[in-house]
Amino acid sequence: MNGRERTLTFLQGSDVDRPPLHPIVMRWAAAYAGVRYSSFCQDYRAKCPAMLRCAEEFGFDWVTTLSDPYAEASAFGIEVEYPEQDLPVDRGGHLPSAEAAARLQPFDPMHHARTRNRIREIEEFRRVAGTYFIVGWVEGPIAEYGDLRGLTNASMDFFDDPDAVHEALDVITGCAIDFITRQVEAGADCIGIGDAFCSQIGPDLYRTFAFEREKRMVDHVHKLGAIAKLHICGNTNALIPDMIRTGADIVDVDHLVPSMEPYAGLLAPHQVFSGKCDPVGVIQNGTSQDIEACVRESWRQAGGRCIVSAGCEIPPGTSTSNLEAFAASSRSILHSSGAARGSAESGRG
Amino acid sequence: MSKNEALFEAITKGKRKDVADIVQKLIDDKGDVVDLLNETMIPAMRFVGDKFSRNEIYVPEMLIAARAMQTGLDMIEPLLADSGHKARAKVCIGTDLGVDCSVEKYEAAVNDGAQVVCLSALLTTTMPYMKNVVEKLKDRGVKIVIGGAPITEEYAQEIGADGYGDDANDAVNAVEKCLAMA
């Protein structure tokens with residue numbers, strides 16, 4: 001069973017040899033493969049081999065286009081600097097007001113370097129890594145609005161000029177839907193929707209500004225025959241029921257959520273959680289025993305309906321041995337609980 | 001002077017125009033601005049901070065309340081200075097400096113007299129930079145308080161920070177502890 005088969009089978013609720021392993025590795029993968037991070041972000045010819053090497057050597061079941069949140073922001077006009085060995089930095093070009101955001105112009109993903117690169121990246125993954133679950137990515141509406149206005153301004157816009165925010169979010173969502181289409185056409189099995197800022201805005205604003213648009217994106221992914229993953233890191237305890245209601249097949253849960261247990265029963269048969277080990281406290285700084293215990297506990301909380309993952313990016317300071325322990329822990333679940341089953345039956349049990 | 005209920009509500013709801021109107025009227029009436037600050041404005045922000053700590057409100061609500069508070073503070077600040085009221089300390093808050101702040105920005109704040117520097121990271125991707133800031137400032141006699149979604153008290157201890165705040169409200173408590181230690 002390869003990574004793609006394992007993930008799709010798990011999502012269908014059928015028996016698999018072990019739960020899928022989907023760690024988010026970005027700077028870690030670049031460093032491990034000896035690739036400059038500036039290249040990792042901007043050049044699929046640098047990133048694809050790095051991601052594939054990590055997947056092959058550590059037994060990951062997926063390859064992803066994840067690197068930083070600025071692909072769409074660049075296309076919308078944000079100035080982004082790419083340090084050689086660090087995360088890209090936003091250097092300005094923010095929209096000056098909510099009113100200006102409401103006049104945002106859509107972009108064509110093929111006309112901008114970062115978005116075009118992502119499409120090429122998926123084509124390359126499809127060519128060389130087709131046995132893995134290939135995950136493309138778009139920014140969610142709230143995260144993108146935060147990138148374009150800055151988080152503080154964006155926060156205030158929700159109260160000061162909600163109509164303008166809605167208009168801007170509609171443009172952002174339309175672009176995301178177009179970008180989703182291009183990525184699925186390029187060969188993505190799944191599209192991740194990253195809307196991290198939502199964990200900071202609470203359930204009321206989430207329902208007012210984000211939910212329907214995320215759901216539109218998820219519905220569109222499904223219409224194209226692909227899998228949808230919703231990633232909101234941070235403490236989403238108050239959002240998880242709504243995140244599940246978007247219909248996303250994979251709902252990411254970060255370690256700041258106290259437990260997945262109260263929400264496992266809300267999952268539809270096609271839905272699973274992904275998480276929720278603490279990337280720093282456990283995966284980077286913990287012992288192999290800590291890592292295994294955390295993976296087992298996540299599995300227990302989700303009633304077996306959980307992809308093995310950390311809540312967010314594995315930090316670049318994580319040792320190779322800890323990443324190996326993380327991978328090994330996904331296999332060890334088999335020894336304690338028999339065949340991993342993605343079925344609703346075991347999920348609700 | 002007792003709590004000004006209307007101003008308290010205007011701050012906690014983030015209504016900066018109401019805050020401006022109420023404070024202006026008090027100034028026109030020659031009211032006691034020190035009392036207003038201590039009995040109404042600071043308690044209002046404490047109230048907001050407590051609600052934030054209990055996850056009853058979130059960052060946007062907190063920010064508009066802080067903005068409303070600042071509107072009032074800007075109006076009474078000259079009067080506070082005239083009355084001999086002195087700030088307890090100078091604190092540099094990283095989020096007020098911007099995002100992805102370089103260590104040089106914090107050094108500039110310390111050069112400008114900051115006694116405490118507060119750092120926040122929203123993502124695991126940015127938190128390792130906090131260690132650079134701590135190391136760079138450790139010999140400057142400044143206290144450093146850190147917090148943010150992925151940060152834990154253990155991480156604060158590990159990188160040598162002087163304090164940890166679980167949220168903005170808790171950070172205020174951590175700063176007060178640091179100032180008592182200084």
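**Note on a predicted two-chain model**

1. Start with a charge over a ring. The charged end of R245(A) sits over the ring of F211(A), 4.3 Å from the ring centre. The rule here asks for NZ of Lys or CZ of Arg within 6 Å of the ring centre and within 35 degrees of the ring normal. Chain B has a case too: K3(B) lies over the face of F8(B), at 3.9 Å from the ring centre.

2. A word on the basis. This is a predicted model, in which local features need pLDDT of at least 70, side-chain atom pairs count only at pLDDT 80 or more, and totals for chains, interfaces and linings use all residues. Residues are numbered from 1 along each chain as its sequence is written, chains are lettered from A and ligands numbered from 1 in the order in which they are written, and side-chain values use heavy atoms, with hydrogens and water left out.

3. Confidence in chain A. Its mean pLDDT is 94, and 95% of its residues reach 70 or more. One stretch needs care: over residues 343-349 of chain A the pLDDT is below 50, and beyond near neighbours in sequence this stretch has 13 contacts in the model. The pLDDT is the predictor's confidence in each residue, from 0 to 100. A contact means heavy atoms within 4.5 Å.

4. Aromatic pairs. Over all chains, the structure holds 10 of them. F10(A) and W299(A) form a stacked pair, 6.3 Å centre to centre with 25 degrees between the planes. This pair links distant parts of the chain: F10(A) is in helix 1 (residues 3-12) of chain A and W299(A) in helix 15 (residues 288-301) of chain A, 289 residues apart. Both F10(A) and W299(A) are buried. Rings of Phe, Tyr and Trp (its six-membered ring) pair if their centres lie within 6.5 Å; planes under 30 degrees apart count as stacked, over 60 as edge-to-face and the rest as tilted. Helices (H or I, at least four residues) and strands (E, at least two) are DSSP runs, numbered from the N terminus. Buried means under 20% relative accessible area, exposed over 50%, and partly exposed in between (1.4 Å probe, protein chains only).

5. An edge-to-face pair. W28(A) and F58(A) form it, at 5.4 Å centre to centre and 80 degrees between the planes. W28(A) lies in helix 2 (residues 27-33) of chain A and F58(A) in helix 4 (residues 44-58) of chain A, so the pair ties together parts 30 residues apart in sequence. W28(A) is buried, at a relative accessible area of 4%. F58(A) is buried as well, at 5%. Ring pairs join W28(A), Y32(A), F58(A) and F60(A) into a cluster.

6. Look at S67(A). This residue is in the loop between strand 2 (62-64) and helix 5 (71-76) of chain A. S67(A) is buried, with a relative accessible area of 1%. Leaving out residues up to four places away in sequence, S67(A) touches M26(A), Y37(A), F40(A), C41(A), K47(A), L87(A) and R114(A). S67(A) and G3(A) are 64 residues apart in sequence and 21 Å apart in space, C-alpha to C-alpha.

7. Backbone points to check. The peptide bond from G275(A) to K276(A) is cis, with omega near -15 degrees. K276(A) lies in strand 9 (residues 272-277) of chain A. K30(B) is not a glycine, yet has a positive phi of about 60 degrees. K30(B) lies in the loop between helix 2 (16-28) and helix 3 (33-53) of chain B, and is exposed, with a relative accessible area of 73%. N55(B), also not a glycine, has a positive phi of about 60 degrees. N55(B) is in the loop between helix 3 and helix 4 (59-82) of chain B, and is partly exposed at 44%.

8. About 100 Å³ of space lies in the largest cavity. It has 14 lining residues, and the closest to its centre are C233(A), G234(A), L122(B), L123(B) and A149(B). On a 1 Å grid over the protein atoms alone, a cavity is a set of points where a 1.4 Å probe fits but cannot get out, and a pocket is an open set with protein on both sides within 12 Å along at least five of seven lines; lining residues have an atom within 4 Å of a point. Grid points are joined across faces, edges and corners, and a volume is the space filled by probe spheres set on the points.

9. Of its 12 lining residues, E153(B), G163(B), Y164(B), A174(B) and K177(B) are the closest to its centre. Helix 9 of chain B gives the most to this lining, with 5 residues.
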